[in-house]
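Student: I would like to learn how to read a structure such as this one, feature by feature. Can we begin with a residue in a core?

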Amino acid sequence: MKVAKINLKTLKNKAKKEIEKIKDLKGLNEVFNNYLGKKGELTLILRSLEKLPKAKRIKIGKAANELKNILKVEFDKKSQETKERIRKEAEKKEWIDITVPGERPVFGHLHPLTITRRKCEEIFQTMGFTVVEGPEIETEWYNFDALNIPKDHPARDLWDTFFLKNGLLLRTHTSPVQIRYMEKNNPPLRIIVPGTIFRHEATDVSHEFQVFQIEGLMVDKKISVANLKAIVGEFFRRFFEKEVQFRLRPDFFPFVEPGFDISITCLICGGKGCPVCKKTGWLEMAGAGIVHPNVFKNSKLIAKDWQGWAFGFGLERLTMLKYKINDIRLFRSGDLRFLQQF
Amino acid sequence: MIFSYNWLQSFFQAKLPEPKKLAEILTMHFAEVEEIKKDGQDFTLDIDVRPNRAGDCFSHLGIAREIATITGLKYIGDTYVNLELREDKDLKAKDFIQVEVKLQQACPRYTARVITNVKIEPSPRWLQGRLKVCGLRPINNIVDIANYVMLETGQPLHAFDGEKIESQKIIVRFAKNREKIVTLDEQKFDLNPDVLVIADEKKPVAIAGIKGGKLPEIDKKTKVVVLESANFNSQTIRQGSKKLNLKTDASLRFEHGIDPNLTELAINRAAYLIQRIAKGKIAKGLVDFYPKKVLPKIIKLDLDYVEKLLGIKISVNEIKDTLKKLNFKLTETRSLRKTNQIEVEIPSFRLDVNIPEDLIEEVGRIYGYQKIKSVFPISFLVPPKRNLDIFWEDMTKDILKEAGFTEVYNYSFISENDAKIFKSFQNLIELENSMSEEQKYLRSSLIPNLLKNIQKNQDYFSEIKIFELGKVFEKPAKEERILTGVITGDAFFQAKGVLDILLNKLGISNIFYDEYRTAAEEREICWWYPRKCAEIKVDGERIGFLGEISQRILNEFKLKQKVIYFDIFFEKLSKLASEEHEYRPVSKFPSAVRDIAILVPYQVRVEEVLNKIETVGGSLVRDIDLFDIYEGEELPGGKKNLAFHIIYQAEDRTLSSKEIDELQNKIIKNLEEKPEWQVRK
């Protein structure tokens, strides 16, 4: 069967050529069927073998099966190549506009004062201070008398006070908690007292009648002004996350002696003078001082046994500087356009 | 308080530092200079003299003394003390005026001098200039001199026309009921026994320490001037000033307290100036009521204590020098030296120095606090205690934040109008001195202000979810923390879901929502829809409410959408909360889901159905999920359709379909025992 032999050779060449030309999977499938499909040329040859004499059958059968395997490999190879090419072409087209805004999960917001309050608490807790709280309705004793602020003395005018018809008042500072705590806890002690306080005064961009204060108190056997400076300096450094210059200057609060005002270099102008610091270059941040012996006495402690200092920071002030907020009244405005920025 | 730079300069021979520098020195060592202003040829310094130093430093002399101490410049103000007055031997003060003080406690000292033959004129330009710089209006030479000496020494003075004082007698006494006085500026005051007055035989002629009366006023014809330089009890003057609502330069100084020894120096200074300027004759003698002379105080100072308190070593010599510069006298004896102590005599004008700590302040501030180096305290390592109140507060806020709520801080006050709208607010604490109608009461609920927040924001936000955790107050003096949230829209079940998550995260289980039965008398005043309100209970105890704000309240606050609120008693929540939590192993065996749809009468509560399924299903029913409630029109009248996924799972084996089907059929059978319930197949 000469014809058959020639057929196999030309068939091989023809098939290889055709496979080479193919561009897509559909074409590949067609060509595959033409040769190896049910009615494909090679299939037909293989099927016709049984009619041949044995010797021929073996010979041609072997060659035809070899060709079948060769073609299968060729088809597989071509198929892989084509798929790869198509994938690459398709990948080139795959595109999303990544500038389309993201879909945000709906999250709420903590009040900025909560955020900074936590930060203050964390800083002082890592320095060994326990956080304690006290009542907002106070007696005259705890708010004034016990703090060495005598009745009928102009020093009381330093604190404009809301009085209540039940004979009590709204605390004007967190300092009453000094007494309340020391009545129940013996030194040595380190506390901070965050809390709301009230001042009977008109409001403007930097004044508010209800604000948040953070009181600090440290009492031990030998606690000095130098120690106060160290703790306060550390606090500023950690709160503002940078080196902040601060100063102590003399001031007067009846429950401390000596008393100080603590100011920092204006963070807005860097100390050159601007409207925020009223051109002084300094911003008052806290009142502070060495605990007055009468405060120990009024807390039922023996004054000469103990030494300590106390300070009171305004949380709004700290928060305003931290976030460059220009009006203190925003904090209690309930304005979501403000609150949802935090 | 305003001080004149030039005036301060006059107490020194050497040149003072320039105003800005001087201000800085004073700020760092004495009191804050709040403002420096140029005023013609002069500068004014606005110094915030603190109340403890008012006694000696509401005066140019006092500030000059401070400058001398801080800068070391030589101070020549003391020459005033030794003024040599040329008294007229032929005139005796006693013949012109007699003084009687009824109550020594109210007036520890009263000194008077008499100057005759004065010529009343406008005062010289230099004197007028100094008064004006300090904000005082010149009147005539006598009055101006009295004011001038007050600004200079801090001692308020008053000048009477001696011929207008009845019977030449000055009586210091409390006013009688129904007595009246017209002051120099023609204001009329009704007096009372709380007000101390200067009177003659018949009537009050001045309000002691506060303001002079019109009657014995100095006028153009005045020939005899009676000068008063008195010391009044600070509380008495403060009381009177408050009663009459009248504050003056004099009352300001007296209410802070002044050294009684100052009256003499001041009156002599004034008499001297009157003689020089108004050409008067000074009658011989100082009329002086001063039964109990105030002597200098002595304080023992332990020199080691200075270092212990300031935290820096200052040499003993420097400490002593500083105290001497402050006009304190030091005594050292052998026995004192042994214990490293000194005795310090405090001049009587330093009313603020009473204890060793006061002396240490003097040493510290003159030395300069800026020179004290920071030193960390050495202390026992006592770990800070955890504050659980704050811990649960923080956790609660975080959970609500994650659930999409924004935290607000509102004022602790509500208005008269709020109280009227929320008729059910009981026991509100009223303010004694509120500044506006907005702060008439302390809030007993956070809701009114939260509703105002919604009102304010509703034009900018379509959905509002806010909360506040703060104090509420009730009579007699109760204050407690409360957590309140509000959501706009038809969000009752959203709020309920948030509460479930909140309570679960706080480790609280056994939550039960009970229908709140609004009492008949409550219906008219409540702020919620009477039949849309649940009590939130944990272990049977009520911990708060969940409800929808009534239309009446929405209208009052002009709210455009429905509002759902929840109110949680935070003190209770905080006690129930727990960090304990136990892991429940995940079953290794698969779960299977079967659905049930059931038609029930409208009034049947979902909980009833759930309870039945749970009871029958037992431990093999792991979860029941209500996925649909349908109340459409095509359903038979008054019915609703509930659809549940029931999740079956065992801990110890794979459930067979047969087992599940049997259980499911048992549940269905049980549900259908109720004649009106119909499981849809």
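Tutor: Start with A:Ile262, which touches A:Val232, A:Phe246, A:Leu248, A:Met285, A:Ala286, A:Ala288 and A:Phe311, leaving aside residues up to four places away in sequence. Touching, or contact, means that the C-beta atoms, placed from the backbone, lie within 7 Å. This is a predicted model, in which local features need pLDDT of at least 70 and side-chain atom pairs count only at pLDDT 80 or more, while totals for chains, interfaces and linings use all residues. Residues are numbered from 1 along each chain as its sequence is written, and chains are lettered from A and ligands numbered from 1 in the order in which they are written.

Student: Which residues touch the most other members of the largest nonpolar core?

Tutor: In soluble globular proteins, nonpolar side chains tend to be buried together. A nonpolar core is a set of buried Ala, Val, Leu, Ile, Met, Phe, Trp, Tyr and Cys residues joined through C-beta atoms within 7 Å. Buried means 20 or more other C-beta atoms within 10 Å of the residue's own; exposed means 12 or fewer, and partly exposed lies in between. In the largest core, of 139 residues, A:Ile262 and A:Trp309 touch the most other members. Strand S8 (residues 282-291) of chain A gives this core its largest share, seven residues. A second, separate core has 67 residues, B:Met150, B:Ile165, B:Ile210 and B:Leu265 among them.

Student: How many residues does helix H8 of chain A have, and which of them are buried?

Tutor: An α-helix has 3.6 residues a turn, so residues three or four places apart point the same way. Helices (H or I, at least four residues) and strands (E, at least two) are DSSP runs, numbered from the N terminus. H8(A), residues 225-240, has 16 residues and reaches 22 Å from its first C-alpha to its last, close to the 22 Å expected at 1.5 Å a residue; the expected span is 1.5 Å times one less than the number of residues. Its buried residues are A:Val225, A:Asn227, A:Leu228, A:Lys229, A:Ile231, A:Val232, A:Phe235 and A:Phe236. A:Glu241 follows H8(A) and has a positive phi, near 55°.

Student: What is the strand order of the open sheet in chain B?

Tutor: Strands of a sheet pair through backbone hydrogen bonds, either parallel or antiparallel. Two strands pair if DSSP finds at least two bridges between them. Here five strands of chain B form an open sheet with mixed pairing, in the order S5-S8-S11-S12-S13. Strands S5 (98-101) and S13 (211-212) of chain B are the edges, each pairing on one side only. S5(B) is parallel to S8(B), residues 169-174, over four bridges, and B:Val101 stands opposite B:Val172. S8(B) and S11(B) are antiparallel, also with four bridges; B:Arg173 has B:Val197 as its bridge partner in S11(B).

Student: Are the faces of S11(B) covered or open?

Tutor: Both are covered: B:Leu196 and B:Ile198 on one side, and B:Val197 and B:Ala199 on the other, are all buried. S11(B) also forms a hairpin with S12(B), with four residues between them.

Student: How many residues does each chain bring to the contact between them?

Tutor: Chain B brings 76 residues and chain A 63. Helix H15 (residues 388-402) gives the most to the chain B side, with seven residues.

Definitions and conventions
Contact = placed C-beta atoms within 7 Å.
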